[in-house]
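This briefing concerns a pocket, a residue that helps to line it, and a helix. Please look over the sequence and the model before reading on.

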Amino acid sequence: MSSVADIAVEGVRHEGSPEGKFEEIGGVRSYVATPSMDYPKDKVLLYLTDVFGVDLVNHQLLADDFARNGFKTIIPDILNNDPIPPDALNPGSTYDLGAWLAKHDVPTTVHPVLDKVIAALKEAGVTKFGTTGYCFGARPAFNYAIENITHVTVVAHPSLLNVPEDIEAYKAKSKAPLLINACEVDQMFPIPAKDKTVEILGDGKFAPGFELTYWEGCTHGFAVRGDMSDPKVKAGKEGAFKASVEFLIKHL
C-alpha cells in the first residue's frame, strides 16, 4: 500500500464521536469508515468484532482510526444484531456467555454474513481484503485466511482458536501474513498458546510473514476496551494499534 507507506502512523483515539456511517453491503448492516485522503479503491480492511458487536463505539472509533491511516475499513454486523449486553462480562454478571456462543457458531452464522459482504465488495471492484479480528472476530479471520479468501490477517487477544491445530493449519494452507497482538493475562490465548504459536510460525518458519506483539500488564480485551487510566494498558492499546497499521501498510 505504497500511497500511505511514507505517512506517519496516526494514533488511536480513546474517546470521541464516530466519523463513519452505516451502510447496507450485500444486505448486511455495516459500519463504513472511509479515508479522507486518496486511498486504493481495490483494497478493504474487514474489521471483525468481539462479542459486543458493531454498535460498540470503541469499535467504530478504531475503524475510523484505521481509515485515518489510509485503509477503507468496514465492520460488518457478524453477530446478526445479537451482541451481548455491554455489562455482560463485568464482575458479578450472571450472563450466560456459553448459551450465546452456542447460538453464534462461526461457520453457520458468521460466514454467511461475510460471504455476502465480500461478494458485494468484489462486485464493486475490491480485489484484496485484509482482516483485523478482535477476540471472537479472530476465529473467522483465521478461517478466511486459511481458505485464502483474505490476504493479510491481524488479530488481537484471539479466542476460539485451537492451539496448535489451527496454527499448524494456518502455516500449511494460508498465504496471508499474520500479526497477533497478545497480552499477559488472557484465558482465551494464554502464554503457553502464545509460545507454541511462536514456536510454529516464528523465526521465518512462515514464509508470508509472521509477527507477534506481547503486552505486559494487559488483559484480554485490552486492544478495544482497555482501562486507559492504567499506563500499561494504554501503552498496550496504542502499541497494538500502531503495530497493526504498520503491518497492514507493509502487507495489504
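Which element gives the largest share of the lining of the largest pocket? Strand S8 (210-219) does, with 3 residues. The model is predicted, with local features needing pLDDT of at least 70 and side-chain atom pairs pLDDT 80 or more, whereas totals for chains, interfaces and linings use all residues. Residues are numbered from 1 along each chain as its sequence is written, and side-chain values use heavy atoms, leaving out hydrogens and water.

**The largest pocket**
- About 460 Å³ of space lies in the largest pocket, and of its 26 lining residues, the closest to its centre are Leu-89, Gln-187, His-220, Gly-221 and Arg-225.
- A pocket here is an open set of points on a 1 Å grid over the protein atoms alone where a 1.4 Å probe fits, with protein on both sides within 12 Å along at least five of seven lines, and lining residues have an atom within 4 Å of a point.

**Gln-187**
- Gln-187 lies in the loop between strand S7 (178-185) and helix H7 (191-201), where helices (H or I, at least four residues) and strands (E, at least two) are DSSP runs numbered from the N terminus.
- Gln-187 counts as exposed because its relative accessibility is 61%, the term exposed meaning over 50% and buried under 20% relative accessible area, with partly exposed in between (1.4 Å probe, protein chains only).

**Helix H5**
- Helix H5 (residues 138-146) is mostly covered, with 9 of its 9 residues buried, among them Arg-139, Phe-142 and Tyr-144.
- Asn-148, which follows H5, has a positive phi, near 60 degrees.

Conventions
Grid points are joined across faces, edges and corners, and a volume is the space filled by probe spheres set on the points.
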